[in-house]
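Please look over the sequence and the structure below before reading my notes.

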Amino acid sequence: MASPAIRMFRRLEGMFCVYKPAGVHWKLVRDGIETNLLKGVNAAPAQPLPHEVRVLSLQGSDTESPKGLTLSASSVPVLSKHPLVTGPEFQQIKVGVGHRLDASSSGVLVLAVGSGNRTLNELYKTRVTRDYTLEGEFGSATDDFSHMGRVVERSTYDHITQDKLDRVLAMLQGANQKALLMYSNVDMRSQEAYEMAVQGLLGPEGKSQPILTGLRCTRFKPPNFTLEVQCLNETQKYMRKVVHEIGLELRSTAVCKGVRRTRDGPFTLQDALTHHHWAASDVMQAIRQYHSSKKHKYSHAKIKDPVSHPPEENVTIVSQGNETSDEAATGTMKENLSKT
């Protein structure tokens, strides 16, 4: 019969996602969650100690017994099985990490426990897209494309309008759509290509160059602007470089002030656990919700034209609300993780 700790661990097997604040390395996030899960599993009630029958000798007053001893059979607990002797039932719990985020970025980070790691590997062998929110600022360029880098150039931006920005975004998206078709390795004149395009399954087989499948501006208040990006095989450094190249196309310069991942495959910001909810009970509930929702089918939903379609409400609200929460969460989280 499985122990309560083993039964609890089995309920923890699966995938879930957390919200990683900016300024915290993903390894700190993973290590903190591993520690919390290990504490939660080992805190499960221990099984009753097994008993064994032992023959005990008791000194009695009966003089007829040899040497005055009385033998008695008794059931006693096996102390060698006591938790204070054997130690915790689980010494280590491995947590797998999906698409990683660098230290400067924030947003959805997918993790897996136990058998969930196999599902995680299978999931990311498919053509999974990810959504990002990029905060940009016109007027300067840095050596690492972020606002924290060394400034190498300054420029004017008064001539930039939202129409000009939208035209540049449309041009970039068109070029990436051609790259998407090129890396798909499917005959574009075939029925298979048509059916894959209808289902949104066209994409590169395995690794390829980063591809932007969707790009739009959701806020334009010069010098600041906000972009929503949908992409494949990207890195956060590439996302910052995209902002830099947009500035160059507009005959100006631009730096990226923030990169936030808002969706990773079927996982969104609404599914992400903040660092206050990284306990075993919260992770167990998140895994249960993921299994019940059956989010195993997803497609390359194209980001629609910002002129004819307004941005999705849930993404915009989260983008505005999480900006201050990153800074507040980072300091508290670093302190908590350092203690573990």
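How many aromatic pairs does the count come to?

1. The count comes to three aromatic pairs, where rings of Phe, Tyr and Trp (its six-membered ring) pair if their centres lie within 6.5 Å, and where planes under 30 degrees apart count as stacked, over 60 as edge-to-face and the rest as tilted. Please keep in mind that this is a predicted model, in which local features need pLDDT of at least 70 and side-chain atom pairs count only at pLDDT 80 or more, while totals for chains, interfaces and linings use all residues. Residues are numbered from 1 along each chain as its sequence is written, and side-chain values use heavy atoms, with hydrogens and water left out.

2. One of these pairs is formed by F138 and F225, whose ring centres are 4.4 Å apart and whose planes are at 25°, so the pair is stacked. The pair links distant parts of the chain, since F138 lies in strand 6 (residues 130-138) and F225 in strand 10 (residues 224-232), 87 residues apart; helices (H or I, at least four residues) and strands (E, at least two) are DSSP runs, numbered from the N terminus. F138 is buried, with a relative accessible area of 3%, and F225 is buried with 0%, where buried means under 20% relative accessible area, exposed over 50% and partly exposed in between (1.4 Å probe, protein chains only).

3. Another pair is that of F267 and Y290, with ring centres 4.9 Å apart and planes at 20°, so this pair is stacked. Here F267 in strand 12 (residues 267-268) is linked with Y290 in helix 8, 23 residues apart. F267 counts as buried at 4% relative accessibility, and Y290 counts as buried at 6%.

4. Turning to helix 1, its buried residues are P4, A5, M8, F9 and L12. They cover an arc of only 135° around the axis, which puts them on the same side of helix 1; the arc is that of the directions from the helix axis to the C-beta atoms. These buried residues pack against strand 1 (14-20), helix 2, strand 5 (106-113) and helix 8 (280-293), with contact meaning heavy atoms within 4.5 Å.

5. In the meeting of helix 1 with helix 2, A5, M8 and L12 in helix 1 touch L37, G40 and V41 in helix 2. By class, this contact has five nonpolar, one polar and no charged residues, where Ala, Val, Leu, Ile, Met, Phe, Trp, Tyr, Cys and Pro count as nonpolar, Asp, Glu, Lys and Arg as charged, and the others, Gly among them, as polar.
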